[in-house]
Amino acid sequence: MKQYKIAVIPGDGIGPEVMREAVRVLERVSELDGSFGFEFTTYPWGCKYYLENGKMMPDDGIGILKDYDAILLGAVGYPGVPDHISLRDLLLKIRHDFDEYVNLRPVKLLKGAPCPLKDVEPADVDMIFVRENSEGEYSGSGAWLYPDSPQEVVIQNGVFSRKGCERVIRYAYELARKEKKSLTSVSKGNALNYSMVFWDRVFEEVGRDYPDVKTYKLLVDAASMFMVKDPARFGVVVTSNLFGDILTDLGAAIAGGMGLAAGANLNPERTYPSMFEPIHGSAPDIAGRGIANPLASIWAASQLLDFFGYEDWGKKIIDAIERMLVERRNLTPDQGGTATTEECGKALTELLQ
Ligand code: NAD
Ligand code: IPM
Ligand code: MN
C-alpha cells in the first residue's frame, strides 16, 4: 500500500481548528480507498512557538520538512508577533525555500454558495488563478535607510527573473491547454515600466509555443473590475505574487467567501514537498470558538489528492462540499448555518463513499 508522509503545520488562531477537519477527511478517503494511506506528523510551529523559542520554527525546520511528500498548513500570524516576522519566517520561507513557484487558487462558485454579484450563475464564476509564488513583489529585497531620522527612506524591490516569469507563465499555458480554457495575463505595464513590461513580453514569448490557447491581457485595475462585472470572461489567470494575492481574496468574496477558498503551493518538478492550505488567515476575531469554516482546508486537501493523482477523490470532495451547500445542512455561521467546525467536517466525511 502506498504511504504518503504528510507534515501538518496547524499554525495559529483558527488554523488548528480547521486543519483537524482536513486531516479527518484525508484519513477517511484513505480508509475508503484502501490502496493508499497517510502518515501525519504535526509540528507546533507558529506564533506561540515564537513567543516561547524566539523563532517561528526550529533552525533546521526546512530540513525537517524536506523529506515529506506534502505539507498541510492551517494559518500563520497572530496579534503579539509582528506579521512580517511570523509570515516571512514560516509560510513565505517554506514557499520560497521549496521553490513552490506556482500558487494554484481555484475561484469556483459552487451551487448553493453565496455570491454577492447580481445575475450570476455558478457556471459564470469558474476560474483558476496561477499566482507567481516565489519572487516578484514578495522577494524581500530592499533597504531601510536612516531609520527614525528626517532622511528616512525605505526601498522595497520587486524581483522578476526571466526564469521565474517563464516557468510560471508556461505552467499557466499548459494548464489552459489541458483544461481547454482561455488564459488571461494580469499585469500593470502602464505604470510598472520594468517589471510588468518584462512580464508582458515573457507572456507573449512563451505564448508562441501555444497557438491553440486563446489569450487575453488585462491591467490589474481593469481585471479587478471585470471580476465583479463579468466574471465569466475568465478561465485560467496568470499573474504576479502580489496581484495574485489581492485578486484571489476578491475571488473568494465572489465565490462563497474566505471559508471556501483554497490554494496549493506547488513545486511542479516535485524536487521538494508542495504545500496545501486554505487561503484565509488565522481569523483572530473568531478563533477559539469552534465556528471557523473548515471547507477551505478540506478543499485544499482535495488539491493534495489531485496532486498525488487521485483526481477522482479530489472531485468527490468538491462534490460533497457542493452537496452540503445545496442542502444547507451542517454549515458554519459564515455560510448562514449554526454548525461547529467539527460538525461541518464530520458531516462532509460522512458524505464520502
Ligand atoms: P483572515 O483571513 O484571517 O480573516 C478575514 C475575515 O475572514 C475575518 O473576518 C475572519 O473571521 C473571516 N474568515 C477567515 N477564514 C474564515 C473561516 N475559515 N471561516 C469563517 N470565517 C473566516 O485575514 P486577516 O484578518 O487579514 O488576517 C489575520 C492574520 O492572519 C494576520 O496575522 C495575517 O497576516 C494572517 N494571514 C495568514 C494567512 C496564511 O497563513 N495563509 C493568510 C492571510 C492572513
Ligand atoms: C495568502 C496570504 C499571505 C500572502 C500572507 C499571509 C503573507 O495573504 O496566502 O494569501 O500574501 O501570500
Ligand atoms: Mn492573501
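**Surroundings of the two ligands**

The model is predicted: local features need pLDDT of at least 70, side-chain atom pairs count only at pLDDT 80 or more, and totals for chains, interfaces and linings use all residues. Residues are numbered from 1 along each chain as its sequence is written, ligands are numbered from 1 in the order in which they are written, and side-chain values use heavy atoms, with hydrogens and water left out.

The shell of ligand 2 consists of Leu87, Arg95, Arg105, Arg131, Tyr138 and Asp245 (residues with a heavy atom within 4 Å). By class, 2 of these residues are nonpolar, none is polar and 4 are charged; Leu and Tyr count as nonpolar, Asp and Arg as charged, and Gly as polar. Domain 1 (1-110 + 258-353) and domain 2 (115-255) each supply at least three residues to this shell, the bounds coming from an automatic or database domain assignment.

The distance is 2.7 Å for arginine 95, 2.8 Å for arginine 105 and 2.5 Å for tyrosine 138. Of the 320 Å² of accessible area that ligand 2 has on its own, the protein covers 76% (Shrake-Rupley method, 1.4 Å probe).

Ligand 1 is surrounded by 22 residues, of which Val76, Asp83, Gly281, Ala283 and Asp285 are the closest. This shell comprises 12 nonpolar, 6 polar and 4 charged residues. Helix 4 (residues 83-97) makes the largest contribution, with 3 residues; helices are DSSP runs (H or I) of at least four residues, numbered from the N terminus.

Backbone atoms make polar contacts with ligand 1. A backbone N or O atom of valine 76 is 2.8 Å from an oxygen atom of the ligand, and one of alanine 283 also lies 2.8 Å from a ligand oxygen. A polar backbone atom of asparagine 293 is 2.9 Å from a nitrogen atom of ligand 1. The protein buries 70% of the 810 Å² that ligand 1 exposes when taken alone.

Technical notes: A polar contact is a pair of N or O atoms within 3.5 Å; within protein, one must be able to donate a hydrogen and the other to accept it, and residues adjacent in sequence count only if both atoms are side-chain atoms. Helices (H or I, at least four residues) and strands (E, at least two) are DSSP runs, numbered from the N terminus.
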